[in-house]
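Please read them beside the coordinates.

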Amino acid sequence: MAPRPNFLLFVTDQHRADLLGCAGHARVRTPHIDALAAGGARFEQFHVATPICQPNRASLMTGRLPSAHGLQMNGRELSLGESTFVEQLREAGWRTALAGKSHLQNITAVAPPWPAAGQRLPQDASRPYPGRYGQEVGRRWEEDPGWELDLPYYGFERVALSIGHGDEQQGHWRRWLRAQLPPGEADRLIGPANAIPTPGLALGALGQAWRTRVPEDLYPTAWIAQQTCAMLADFAQGAQGKNGEQGRQPFFLQCSFPDPHHPFTPPGRYWDLFRPEDMPLPETFAAEGVNPPPALAWLRAQRSANPGFKPGFGAFACSAQEAREAQALHHGSLACIDDAVGQVMAQLRALGLDGNTVVMFTADHGELLGERGLMFKGGLHYDALTRVPFIWRDTAQSPDMKASQGGRERAAPAGRVVDALAQTTDIAATVLARAGLLPANGMHGRSLLPVLRGEVQEVREALLVEEESQRADFGMDRRVRMRTLRTRQHRLTFYDGQPWGELYDLQADPKELRNLWSAPAAQAVRSELMERLARAMLEAADTSPYPTASA
């Protein structure tokens, strides 16, 4: 009987699909991630459930769309009553651990902008599932040296936690950093006030980049890799499995990097590994497009009318210099992550675990990085924001991972590029299927194993992307609420309460520059896609829990 597989999942933050060498990008430096793709399958059309950190991470964990698991926007927390695929693995005998970013609960205790004063009703219709929330609030880790997570945490038996971004992260990393240095020294390395001067840095003036004094070997990315390697060493020692079976107990390990998310603070040599002057502007940087969504004009007007502009939480109009700097520093952070991935993979091989470990790589959402003259994310569903990397490398190739051809089994080919439409929710379903476990009722994700085995070309003909915000961006009279239907040929996006929307023919217009929403010739297609969107939303309606009696 083949041993049960281990799983190692790498997750980056704010990292779009095209920014990998294996995806054809000529300037990034990602040889270790590229090696994963060369030894496995890289999905070309892999999209998020929502292009926002917290809700998409919750979708990864639950295999459910945000409208079902309830964490629809940053500022909510994943209910402790939700079932995660990691908990299913743990209950089935897998050891589970997380190193790095979690972001399944709030990381700040700042009051939300919505609902505003006078809008909040005295009671919510839904009450929190019992349990301890606010466990990831960075300030609490700072103020209380004994503050810790309740374990298991959403299925993770062991967690080495880092909270936030850049070199100002909190959690276990900040405590570890202080323990490595003389008293007070760590706090003199962190943050923009202590940064190495970078005169003329445009992103520095916006508070979105600084040259950190934290050394490379003490930076969060290095610490996360070190923690992951230590966890692998512990797993390699083996343990008696559940139900008394002998042999090494399988594991699921998530290695989650908070970079290359802004603010950009790549350490040491990674800061100037790439030069802004060598970074080309995106083809769409100055593009006006045809019938562009009003959000673009609003963002540009906001920037031009405000000389003291500082970015907030969402997308903003950027200058050419800011876009070039962001690309260079983003690529530096990514190179730092790639070296960390290489370190972890070397440990996996050294411990003899590589032969029975499924390795995956993905990101929680994308980044504009100058597309249409914009940076960051929020309220827009362009390809740069919804499409993220997904790599699946399975060296074990168990019998259920082999396709049959002419009566003979053959292993799924390595170095394959998969064009099937897939989504963050599919990770949970695919891991469970590979583990020989059934999905939970209410999961929206679909196992990608039939595609990986070459049995089918697609597991779906369209996918649904959701987004909800606390903020009324783009000059709207209400907070942003939107849904997107994406097919092989089209992307349709519908905004709550707005007379406009977006419709693109992705085959004729892959850059999404010609909005056909109001085009007379496209009205039949728009109607058809609106019906398909309605059907997709109906299909996404929650089926959990099962009924307990006939009626």
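1. Glu512 counts as buried because its relative accessibility is 4%; buried means under 20% relative accessible area, exposed over 50%, and partly exposed in between, with a 1.4 Å probe and protein chains only. Glu512 has a positive phi of about 55° and is not a glycine. Its place is the loop between strand E17 (501-505) and helix H14 (523-539). Helices (H or I, at least four residues) and strands (E, at least two) are DSSP runs, numbered from the N terminus.

2. The basis of these remarks is a predicted model, in which local features need pLDDT of at least 70 and side-chain atom pairs count only at pLDDT 80 or more, while totals for chains, interfaces and linings use all residues. Residues are numbered from 1 along each chain as its sequence is written, and side-chain values use heavy atoms, with hydrogens and water left out.

3. Phe474 also calls for a look at the backbone: its phi is positive, about 65°, although Phe474 is not a glycine. Most residues other than glycine have a negative phi, and most peptide bonds are trans. Phe474 sits in the loop between strand E14 (462-468) and strand E15 (481-487). With a relative accessibility of 8%, Phe474 counts as buried.

4. Which sheet do E14 and E17 belong to? They are part of an open sheet of four strands in the order E14-E15-E16-E17, with antiparallel pairing; two strands pair if DSSP finds at least two bridges between them. E14 and E17 are the edge strands, each pairing on one side only. On average, neighbouring strands of this sheet are turned by 10° against each other, direction ignored; axes are lines fitted to C-alpha atoms, for helices over the stretch in contact, and angles run from 0 to 180 degrees between N-to-C directions.

5. Met482 stands opposite Tyr495 in E16. H14 lies across E14, E15, E16 and E17 and runs at about 110° to E15; contact means heavy atoms within 4.5 Å.

6. A second open sheet has nine strands, ordered E5-E4-E3-E6-E1-E8-E10-E2-E13, and its pairing is mixed. Its edge strands are strand E5 (170-171) and strand E13 (416-423), each of which pairs on one side only. Strand E1 (residues 6-12) and strand E6 (residues 251-256) pair in the parallel sense over five bridges, and Leu9 has Gln254 as its bridge partner in E6.

7. The loop between E6 and helix H9 (294-304) holds His261. His261 counts as buried, since its relative accessibility is 6%. Not counting residues up to four places away in sequence, His261 touches Asp13, Gln14, Cys53, His165 and Lys377. The side chains of His261 and Gln14 are joined by a polar contact of 3.2 Å; such a contact is a pair of N or O atoms within 3.5 Å, where within protein one must be able to donate a hydrogen and the other to accept it, and residues adjacent in sequence count only if both atoms are side-chain atoms.

8. The bond from His262 to Pro263 is cis, with omega near -5°, and Pro263 is found in the loop between E6 and H9. The bond from Trp114 to Pro115 is cis, with omega near 0°; Pro115 is in the loop between E3 and helix H5 (138-143).

9. Gln88, in helix H4 (residues 85-91), is buried, with a relative accessible area of 14%. Leaving aside neighbours within four places in sequence, its contacts include Leu432, Leu437, Leu438 and Met443. A polar atom of the Gln88 side chain lies 3.2 Å from the backbone oxygen of Leu438.

10. For the chain overall, the secondary structure comes to 14 helices and 17 strands. Of the 551 residues, 55% count as buried. Among contacts between residues at least 6 apart in sequence, 73% join residues at least 24 apart.
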